[in-house]
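These exercises look at how two parts of one protein chain meet. Work through each task with the structure in view, then read the solution.

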Amino acid sequence: MIQRAYLDNNATTPTDPRVVNEMLPYFSEKYGNASSRNHAYGWEAKEAVDHAREQVADLIGANPNEIVFTSGATESNNLALKGLLNEGDHFITCATEHKAILDPAESLNTKGINVDILPVQSDGLLEIKTLKKAISDNTRLVSIMMANNETGCIQPIKELSTITHSNQVLFHTDATQAVGKMPVEVNDLGIDLMSFSSHKMYGPKGIGALYIRKGSKVQPLIEGGGHEQGIRSGTLNVPAIVGFGKACELCKQEMEEEARRINILRDKLEQSLLSIDGAQLNGGIENRLPNVTNIAFSGVDGERLLLSLNGVAVSQGSACTSAVVEPSHVLKSMGIPDQLANSSLRFSLGRFTTEDEIDFTIQKVQQQFTS
Ligand code: PMP
């Protein structure tokens, strides 16, 4: 009988051993600086980065020169927003975004950028007409996340970008939770800029990318040696980039089959937990990622429940804000009352989740309601 279950894959995923293997030579054997143009050490590193850039671009249907490597999705979001918006511009986003969008938006607001944060419906989706009404002559950028980290809810990106483009406005999406879990094709979806991150898709932490459609002009946040077409200076983290590339390649090959398997396990977990008295699903059942379920256990303190699930790693609200105990802003903006939001837990499965872990989790949660 197992003693632990990791159901917090939306917080971070384990690095796939195949990814680690690919990275290893780039620490102590092939350690050149990818910007060293005058010797083989540099060429070798540059070649590895070029290959990884192709693997990353290939997963999202982009051109390799539209990929800018960053330290992760937080940086990519900051780069997209701060690199595009100027005083007097109007920026639109929505209430269920990650803090990595909402916090830079708030800071831009203090610098003379007009920020609109749109409400969502009870299923977590943004209505097309709400966006339509919000766009004005000064709107420069719309940013709507692809899949929500807490509920897994998937926004109608193509419809949203179509409205945005018909008003000659750029469309950015934080696709951190979507890329690698579902097909994402930037041209099909009409995406101009897109943030994503390696550690949510079985790659190493501290590396991510901003996709920038050719022709969009983004000002750098970090200036220095002119790396990444001058958009993000700093010596490239070659091992991490190689790992990110491999992670993308594996997702492309295995995503479809993996999503099917994970979906079955998620549904088994969800059905069992929803049979508990007072348990209810947060968010819509359609249009969501296959690996997440967010459940409110009415009348129960979520934090206490979480701590009592000895050995089960799940999360209450979003991990990035869990140092502060307050109801999740995502659930709140879906109209879920504070008390119910505070009694909610997020279970997120991944590539390495086993049926034993699911059974263990079901048993641990059910125990809390029968003892
Ligand atoms: N956006 C979303 C939707 C996320 O889930 C996360 C990670 N919690 C981030 C951005 C931040 O990503 P990173 O850890 O790569 O900075």
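**Exercise 1.** State the area buried between domain 1 and domain 2, and the share given by carbon and sulfur atoms.

Solution. Buried area is the accessible area (1.4 Å probe) that two parts lose on being put together, summed over both. Between domain 1 and domain 2 about 2800 Å² is buried. Carbon and sulfur atoms give 55% of this area. On the domain 1 side, Met255, Leu289 and Arg351 supply 25% of the area buried against domain 2, more than any other three residues.

The model is predicted: local features need pLDDT of at least 70 and side-chain atom pairs pLDDT 80 or more, while totals for chains, interfaces and linings use all residues. Residues are numbered from 1 along each chain as its sequence is written, and side-chain values use heavy atoms, without hydrogens and water.

**Exercise 2.** Locate the two domains and find how many residues each gives to the contact.

Solution. The domain assignment (automatic or from a database) gives domain 1 as 5-13 + 255-370 and domain 2 as 17-251. Their centres, taken over C-alpha atoms, are 27 Å apart. The contact (heavy atoms within 4.5 Å) takes 32 residues from domain 1 and 37 residues from domain 2.

**Exercise 3.** Count the salt bridges between domain 1 and domain 2.

Solution. A salt bridge needs a side-chain nitrogen of Lys or Arg within 4 Å of a carboxyl oxygen of Asp or Glu. Between domain 1 and domain 2 the count is zero.
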